[in-house]
Amino acid sequence: MVKKIYLHLIFLSFFFIKEAFAAESGGMPQLNPEFWVSQIFWLVLTFGIMYLVLSKLILPKISNNLESRKSQILENIEAAEKQREDSETKLKEYDQIILKSKTEANAMFNQAREKAVKDINAKREVLDKQIDDEIAKAEKEIQALRDNAPDKINKIAIETSSELLQKLIGAEVNNSSISAIVDDLSRRNGDKYYGN
């Protein structure tokens, strides 16, 4: 601020000091007051011509360029806004297609799962029936073996006892007496061994 005031004071001092304006004192001829009228004339003429050239030729072109740029920018903004709206509608359509596809996929998955569960249950029922049939068949075979087991055991016991007695005694033993003893023992202990 001080520098600015100092420069103003120096500039004003040239106007008020007469020696500064005199050409004879070795000063600048532009600051001599006798040339000021011609300098002002040429200044007004030069700036007037420059004003006319600028206002009639250059500034209209610049303003036209600015207007065309402004209109181009507005058109670009409108086009961008329209494209943004189009892209938003496309995104909404895309989201709807994705949502529809997801619901269809879920429905198809649920149908496939239900079908698989039905197939598994049907196969399980068939397997359970086959297993039940096999179990019933095995139980029948076991029951048949259980029913025939005492007779076979008695027969084996009779044969084994007969052979043992023949080897121990050295003489033939009557099979009917051995079978009577084995039958009596099997009747007494049959419930304990065979569950009859």
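Predicted model: local features only at pLDDT ≥ 70, side-chain atom pairs only at ≥ 80, totals over all residues.
## Exercises on a helical model

Arg84 and Glu81 sit three residues apart in helix α3, about one turn of the helix. Residues are numbered from 1 along each chain as its sequence is written, and side-chain values use heavy atoms, with hydrogens and water left out.

**Exercise 1.** Find which residues are linked with Arg84 in a network of salt bridges.

*Solution.* 
- Start with the criterion: a salt bridge is a side-chain nitrogen of Lys or Arg within 4 Å of a carboxyl oxygen of Asp or Glu.
- Arg84 meets Glu81 in this way, at 2.1 Å, N to O.
- Arg84 also meets Glu88, at 2.5 Å, N to O; these two residues are four apart in helix α3, again about one turn of the helix.
- The network therefore joins Glu81, Arg84 and Glu88, and the structure holds two salt bridges.

**Exercise 2.** Decide whether Arg84 is buried, partly exposed or exposed.

*Solution.* 
- Take the classes: buried is under 20% relative accessible area, exposed over 50%, partly exposed in between (1.4 Å probe, protein chains only).
- Arg84 has 37%, so Arg84 is partly exposed.
- Glu81 at 34% is partly exposed too, as is Glu88 at 36%.
- For the whole protein, 7% of the 196 residues count as buried.

**Exercise 3.** Describe the geometry of the aromatic pair of Phe41 and Trp42.

*Solution.* 
- Apply the rule: rings of Phe, Tyr and Trp (its six-membered ring) pair if their centres lie within 6.5 Å; planes under 30 degrees apart are stacked, over 60 edge-to-face and the rest tilted.
- This rule gives a count of one aromatic pair.
- Phe41 and Trp42 form an edge-to-face pair, 5.2 Å centre to centre with 70 degrees between the planes.
- Trp42 has a relative accessible area of 52%, so Trp42 is exposed.
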